[in-house]
Amino acid sequence: MAEPILECRGVSKHFGAVQALYKVDFEVLPGEVMALVGDNGAGKSTLIKGIAGIYPFDEGEVLFEGKQVSIHGPKDASNLGIEIVYQDLALADNLDVVANMFLGRERVQNGYIINEASMENSARETLDGLSVTTLQSVRQVVAGLSGGQRQSVAVAKAVMWNSKLVILDEPTAALGVAQTRQVLDLVKRLAEQDLAVVIISHNLHDIFEVADRITSLRLGQTVDLFTTSEVTQQDVVHSITAGRMKFVPGMEQEEATT
Amino acid sequence: MTADTQSPEELPPISRERKEPTNVSEYFQAWWVKVQAGDLGFLPIIIGLVVIILIFGTLDSRYFSERNFTNLLLQMAPFATIAIGVVFVLLLAEIDLAIAFNSAVGGVIMTLLLRPDDPGWPWPVAIGVALLITTAIGAVMGLIVTKAGVPSFVVSLAFNLGLNGVVLILMIEFSSSGTIRIADQTVRDISNAFLPDAWGWILGLGAVAAVTGAEILKYWTRQQRGLPNKPVGILGMQLGGLAVIVVGAVWYANTDRGVPFVMVVLGFFLVFWSFIAGRTRFGRHVYAVGGNPEAARRAGINVDRVKIAVFMIGGFMAGVGGIVIASRLQSVATNSGGGPLLLNVIAAAVIGGTSLFGGSGKVASALLGALVIGAVDNGMNLQNVNSGVKFVVTGLVLLAAVLADAFAKRRQAASGVR
């Protein structure tokens, strides 16, 4: 089996008295779509934010490409090649597609002048590479785009930086049928390009369509790791709602049998 | 990114191709579609300006005189100068209500430092110190807004009162009559000198040539990279239009006393700050923070630093405006920075098309808005109406501008342009 591009070993995180994550193991292989499922409060977002470096894990280690790393912020994450597309997309409505794709990382010439032409070239290449052809113009302001187009722009923004791992938080949550189709196709194309993709979703139908494997979380613990082709949606639902937990909360020494 | 792993044949066909207008008529069609969708750009303000000029022109033929034209330029220059700073602050969806008294602080401090023998500093030093202080005041406001998280409305309101007090204290301390005259001729010349005809032409045509050069360079670069360009005809019309306006203005001013020197100051800052806003990373970040602060933060932009820098720009331009005003009056007085100045400069930025909700507006809107305010003010002065009527009319113009903006926004929301 290939070496995981990202591996979390026994990571924990608590907020005050709330144990949000407890000794979670999680891994993604290159070229793989890994789905992360779980009910509300299962710790999906906490795990993602920990990986993104929004806050540090309390314990456990994170390995990227086999090497232990410590990520202290979005900059560190993107330097490693980890890009996260949040649910609310974080696009500036008043800026055009190119400006959004390069936001915070504008290319400059002579030290400070924005190199619009070069940025537009790359933006077009990336969008074309992902077969995003629904945009009329890359100079359109984002406010005028549909939900699917916005998601495409957000994903294209994430993959443009030679990223190796793209994490998508609920990418289809607010989309219609045709737009969901666009985004799922986009996810498949990312994996075809040998990127690792983590997709968080509540929609098992979508997950079964694109994911190679599924990690399910429950109450802050990893309960199951499925290979999509070997299980049914019922198995996953059962795991999400009633999966066997490895640890009894608050009693870490007494490991329950798994 | 590698595009070569793609196999488009296998993918479901997804709707239409990208297309951009390639000839003049297509460009106008696309523009008209945008206008109908409520993306008006500078259209309403230019129409408004023409209407205002026609109304006052028919009421009084002196309105079109060469003398009045240069007067108009002199009157609106300080508004436009300060409004540039306001545009930046509004781009962040913040407000700076202290901007008028900050400008007065700049004018008063410069004047005090210039008093002969006491201390009688040379004008560049006096101006430099004054601008340093107004910029620092902006920085302090920015720091409080960002670090303490207090709304800029309240912070700047407090500074508005406080700086009003500072102006009064300084004037009472250093002047018995309530006014201090500016002795330095160079400073008096800022708002009172006119360029010799030849220099008016050189600077005016030089500016047109510089813009043309920059546009041609941009066109050529995009051509080299195979990116779509706007049609040559459109580019020609835009540059031609600019040339006609500049040549017309210089010629008309030259038939009177010449181009006021203050227009060089204003022109420099308009070009400089337009460049900063439109072509630099900092400018891009200002728009991003105004449009979606959370997106900006996640993109690794230091939102606080951008905000503080923008309040500093506001303070700096207020200082420049204060110096321009002091120079025009050749003195400062206890009432410096008071009266309708604050509302006029904020109105100028808003009438020029800068949104109060952040993220949308151009530096040039400071000039257009100030021209409207100046044109109304000037026309009313010729009509000899009292200042009450003047305020009412200016208020109505502002209301009309805001309403036009609101209707445009609604159109845009309905048609999905923004």
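Residues are numbered from 1 along each chain as its sequence is written, while chains are lettered from A and ligands numbered from 1 in the order in which they are written. Because the model is predicted, local features need pLDDT of at least 70 and side-chain atom pairs count only at pLDDT 80 or more, whereas totals for chains, interfaces and linings use all residues.

**View 1. The open sheet of chain A.** Here six strands line up in the order E6-E9-E10-E3-E11-E12, with mixed pairing. Strands (E, at least two residues) and helices (H or I, at least four) are DSSP runs, numbered from the N terminus, and two strands pair if DSSP finds at least two bridges between them. At the edges sit E6 (82–85) and E12 (221–227) of chain A, each pairing on one side only. From one strand to the next the twist averages 20 degrees.

**View 2. Strands E11 and E12 of chain A, with helix H8.** E11(A) (residues 213–218) runs antiparallel to E12(A), and six bridges link the two. One pair to look for is Ile214(A) with its bridge partner in E12(A), Phe226(A). Helix H8(A) (residues 233–242) packs on the sheet and touches E3 (33–38), E11 and E12 of chain A, its direction making about 25 degrees with that of E11(A). Touching rests on contacts, in which C-beta atoms placed from the backbone lie within 7 Å; angles run from 0 to 180 degrees between N-to-C directions, with axes fitted to C-alpha atoms, for helices over the stretch in contact.

**View 3. Helix H5 of chain A.** H5(A) (residues 147–159) lies across E6 and E9 (165–169) of chain A, and runs at about 170 degrees to E6(A).

View 4. Chain A as a whole averages a pLDDT of 85, and 95% of the residues score at least 70.

**View 5. Helix H13 of chain B.** H13(B) (residues 303–329) has 27 residues and reaches 39 Å from its first C-alpha to its last, close to the 39 Å expected (1.5 Å times one less than its number of residues). Mostly covered, H13(B) has 21 of its 27 residues buried, meaning 20 or more other C-beta atoms, placed from the backbone, within 10 Å of a residue's own. Next comes Gln330(B), with a positive phi near 60 degrees.

How values were computed
Buried ≥ 20, exposed ≤ 12 C-beta atoms within 10 Å, placed from the backbone. pLDDT = per-residue confidence, 0-100. Contact = placed C-beta atoms within 7 Å.
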